[in-house]
Amino acid sequence: MASTSTNISLSPSLKQPIHLSSLQNPKFLHPHSLFCNPTNHFPKISSLSTPLKSPICASSSQLMDPFSAKIEPGVPTIVNVDLGNRSYPIYIGSGLLNKPELLQRHVHGKKVLIVTNTTIAPLYLDKVVEALTSGNPNVSVESVILPDGEQYKDMDTLMKVFDKAIESRLDRRCTFVALGGGVIGDMCGFAAAAFLRGVNFIQIPTTVMAQVDSSVGGKTGINHPLGKNLIGAFYQPQCVLIDTDTLDTLPERELASGFAEVIKYGLIRDTEFFEWQEKNMHALMARDPNALAYAIKRSCENKAEVVSLDEREGGVRATLNLGHTFGHAIETSVGYGHWLHGEAVAAGTVMAVDMSYRLGWIDDSIVKRVSDILKQAKLPIVPPEMMTVDMFKSVMAVDKKVADGLLRLILLKGPLGNCVFTGDYDRKALDDTLRAFCKS
């Protein structure tokens, strides 16, 4: 029997826009031991000189109590990413891998290549193959199983996907399926964008990080030894299928890592969501299924709306990178895979908030709330001890947000839920922040 669904359409209509201004293996400290703030103290800011405009808010639904309704297995909530003729649905729910029609309606040719890794394949590969082929004997499915970890998000590993696609004689009507976390999604998407100059692909994210962020919006790519995600393409999937049951097998560290991106949405554009997180982080950490489903849905609503407004990151989409410029510097410097992406983003977010405070753009209460919620999520709030000012600056100099030699940053400004993407800031504040968080 066909499942019913809840449709949430996100139109690209703006309310009020977010304010926009114009390889080594060093010693590092495990991120879970980093739960202290820099000792610097600053005078309290009583007010801001100029009020900010209101942020964009997710337009699809009002904030609700996620515990007021039980999840019905097999019945997806649908969030639509509105990109004209390239629009696509995000299916969110429990037991969705047991609903073959959800995937099969997005497979248009007769050949499918599943890209997954050594951790996820034993858990979910057979189930996805079954979902793709059940009652659909004309479809043949191949798979390629890659090593697991950020350190393998490189050109050599990417070539294994192309090798399998060519050996299997896949054509332009084939579909690639990304089954895994952010690394698999980014690499499979990039492979789909490049193979035969572009074939269809589907995202099946299995981590919180991928479900709330990386699987949505079409950013694909690989790392370079000199910088994270410097090689890639904007390439949208046919759909994103989020089966929340896959989080049952997610390790605790990976679970916490994903919450860094959930927290980000509240800080930059969705105050009510942030306040909900402050009250319900314990439920998220305990894997309450209703709380997780709600956090994923609300995050996807925010991401979908921003992508609909600015697909190729010309302005407002860049605000989704709060903390990422500092975080990517950490990931690159300590070596890919030592710190999870969300761990690095968490520490980077604290640094961006610290800099915002030094500039006089936010109240000190926001600084404390950010630190407190990241601690609740068991995420680090300072970078690893081995990081130096020079390490940060050398990696940040090649960040994707550098324009004409100017490093642009996402910083908070005004009441909670407001941010700016700008290169117009006092460079002394950046230097002071780096020195406060680094020994040298």
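Asp404 lies in the loop between strand S11 (402–403) and strand S12 (406–407). Strands (E, at least two residues) and helices (H or I, at least four) are DSSP runs, numbered from the N terminus. Asp404 is not a glycine, yet it has a positive phi of about 55°. Its relative accessible area is 86%, so Asp404 is exposed. Here exposed means over 50% relative accessible area, buried means under 20%, and partly exposed lies in between (1.4 Å probe, protein chains only).

The model is predicted: local features need pLDDT of at least 70, side-chain atom pairs count only at pLDDT 80 or more, and totals for chains, interfaces and linings use all residues. Residues are numbered from 1 along each chain as its sequence is written, and side-chain values use heavy atoms, with hydrogens and water left out.

A positive phi also occurs at Lys378, where the angle is about 60°. Lys378 is not a glycine either. This residue sits in the loop between helix H11 (364–376) and helix H12 (389–396). With a relative accessible area of 53%, Lys378 is exposed.

Salt bridges were then examined. A salt bridge is a side-chain nitrogen of Lys or Arg within 4 Å of a carboxyl oxygen of Asp or Glu. The count by this rule is 22.

One of these salt bridges joins Arg287 and Glu252, with N to O at 3.1 Å. The two residues are 35 apart and link distant parts of the chain. Arg287 is in the loop between helix H7 (271–285) and helix H8 (289–309), while Glu252 is in helix H6 (residues 252–268). Glu252 has a relative accessible area of 48%, so it is partly exposed.

Arg269 and Glu305 form another salt bridge, at 3.7 Å from N to O.

Glu261 and Lys264 have their closest N and O atoms 2.7 Å apart. The two are separated by about one helical turn, because they are 3 residues apart in helix H6. Glu261 has 0% relative accessibility and therefore counts as buried. Lys264, at 1%, counts as buried as well. Glu261 and Lys264 also belong to a network of salt bridges, in which they are linked with Asp213 and Lys303.
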